[in-house]
Amino acid sequence: MPHDRRLTVTRLPLSLSLAALLLASSALPAQSADPALAWASIKDLHQRMDAGQLRSEALAQLFLQRIQHIDRDGPALHAVLETNPDALKLAAQLDQHKSKGSLRGIPVLLKDNIDTGDRMLTTAGSLALADAPPAPRDAGLVARLRKSGALILGKTNLSEWANMRSNHASSGWSARGGQTRNPYALDRNPCGSSAGSGAAVAAGLATAAIGSETDGSIICPAAANGIVGIKPTVGLVSRSGIIPISHNQDTAGPMARTVADAAAVLGAIAGSDPRDPATAEADKHAADYTRFLDPNGLQGKRIGVVRQLAGAEPNADRILEQSIALMKAQGAVIVDPVELPHLKELGDPELIVLLYDLKHDMQAYLATRSSSTPMKTLADLIAFNQREAAREMPWFGQELFEQAQAKGPLTDKEYVEAQAKAKRLAGPEGIDAALAKDHLDALLAPSWGPTFVTDPVLGDHVVSGDPTVGGASQPAAVAGYPSITVPAGFAHDLPVGIVLFGAKWSEPTLISIAYGFEQHAQAWRAPKFLDTVGGKPVIADAAY
């Protein structure tokens, strides 16, 4: 089937590239990493490294082997588009120099809309950029990751163009990488657009990953894959060197198996960047977020339940009730229900803003790429897709691209009014008003229901919150405020999460609450790689 076809767009076929990497590892000393370390936390890995029991090179080799066995062979998750051909060499250098950075030696995967100034491509999953040279420099957050000592292991698959090409898309599908699968049940969707980042972390293919979100693209795949995802305040993390949708809502953020790991990664990537004016205040707010990992983080916190975002899916509602009971038992003050004003009014102005921004911001990004690519504008991408329809549009079209192309400049009255309305209704008159009314620290809702069956013909079948609104991610996304999703339970072997969101720059509070919840809920468990819900495992993961 076309969505299962893997295309060779790197210097070598992906399997050969991995084989070359593993062959190069024969020069390593005999030390190899315990397969259980695929699930280890950053803290545990660092303890082993500090004790001389583990090297980054051995850890990288372990993850490369898992990518081969799990992502290429076995279940064939299609979560990783390409691995870094210099991964083992870079890991050896980290070992030699004994980096003291906060992420020293930790393998991290990046969503394939994030530039790396190395031999890897940045394509947003599209064949339109697959023949272009690699990006000329690292994205701002990638430079910070390298400074922290992290190892950039590879690029992850995604919903092509971050799910902004068509309303009928199958999340996790790209022409370059095919359809990403959910490691909990392979016929289920990983959600998007950071599908590969979510599935890869859930499957133990890296310790952590970076996703990006405009509206739901971190929160949904993190929840669907049973991991933690943090969507930061817009402006806390640089967007320079990231293929955009909207400068009003875009942000990158961490995806990891624990709140502690996500907090550590967020601390590494947060901060001001002159290449992104939105981050001017970031240095005032950026922190070592691991300082807020309080096991008693629920004690005394006032949390409001947004019932408007519940009631659409019984499993999500059941797990929400269990989560509320746990929070109360751990000393949280639950205000239930809390009304979030204007929730049903956000969709129309948000879409107008995103369409205008897509046309404008895409052209600005493409200007940063090499002159050897003919892709200069959104119109060029549309024309490419039309020429390559058999490969690019076998399942769905590009009506959102076409709607965006029809928009005018950012000075249009329609855009100016929609932008102001969306920000006002979501922020000051929405989240801020709800928090102030009941003196709340955070708002709570189900992240999403159990994930849907992948359907390339009809597209996504999302069940999330009130079907008349955008779901639990929308208020914080439109306002540009932070949110975090945490595993909270299971329904028929499928993970279900809760989402917490709050005021601008409230990451410390949200992380404290989320960590307190996580420590008592203990809701995470490794995927079984079932062929379907109630089915049989495709592989015995313990073998890897």
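Me: Tyr 184 and Phe 490: are they buried or exposed?
Reply: Both are buried. Buried means under 20% relative accessible area, exposed means over 50%, and partly exposed lies in between (1.4 Å probe, protein chains only).

Me: What kind of model is this?
Reply: It is a predicted model, in which local features need pLDDT of at least 70, side-chain atom pairs count only at pLDDT 80 or more, and totals for chains, interfaces and linings use all residues. Residues are numbered from 1 along each chain as its sequence is written, and side-chain values use heavy atoms, leaving out hydrogens and water.

Me: How many aromatic pairs does a search of the whole structure find?
Reply: Six.

Me: Why is the pair of Trp 39 and Trp 524 called tilted?
Reply: The ring centres are 5.7 Å apart and the planes meet at 50°. Rings of Phe, Tyr and Trp (its six-membered ring) pair if their centres lie within 6.5 Å; planes under 30 degrees apart are stacked, over 60 edge-to-face, and the rest tilted.

Me: Why is Trp 39 called partly exposed?
Reply: Its relative accessible area is 24%, so it falls in the in-between class. Trp 524, at 31%, is partly exposed too.

Me: How do you know that Tyr 184 and Phe 490 form a tilted pair?
Reply: The distance is 5.8 Å centre to centre, with 55° between the planes. Tyr 184 lies in the loop between β5 (178-179) and α6 (195-202) and Phe 490 in strand β12 (residues 483-491), so the pair ties together parts 306 residues apart in sequence.

Me: What sits over the ring of Phe 490?
Reply: The charged end of Arg 525, 3.6 Å from the ring centre. The test asks for NZ of Lys or CZ of Arg within 6 Å of the centre and within 35 degrees of the ring normal.

Me: Why is strand β6 (residues 208-213) called largely enclosed?
Reply: Six of its six residues are buried, so the rest of the structure largely encloses it. Ala 208, Ile 210 and Ser 212 are buried on one side, and Ala 209, Gly 211 and Glu 213 on the other.

Me: How do you know that β6 and strand β8 (residues 251-256) pair?
Reply: Pairing needs at least two DSSP bridges between the strands. These two have six, in the antiparallel sense. Ser 212 stands opposite Ala 252 in β8. Strand β2 (residues 107-111) runs parallel to β6, joined by three bridges. There, Val 108 has Ala 208 as its bridge partner.

Me: Why is Thr 373 called buried?
Reply: Its relative accessible area is 3%, so it is under the limit. Thr 373 is in the loop between α11 (347-366) and α12 (378-387). Beyond residues up to four places away in sequence, it touches Ala 128, Leu 129 and Ala 132, contact meaning heavy atoms within 4.5 Å.

Terms used. Helices (H or I, at least four residues) and strands (E, at least two) are DSSP runs, numbered from the N terminus.
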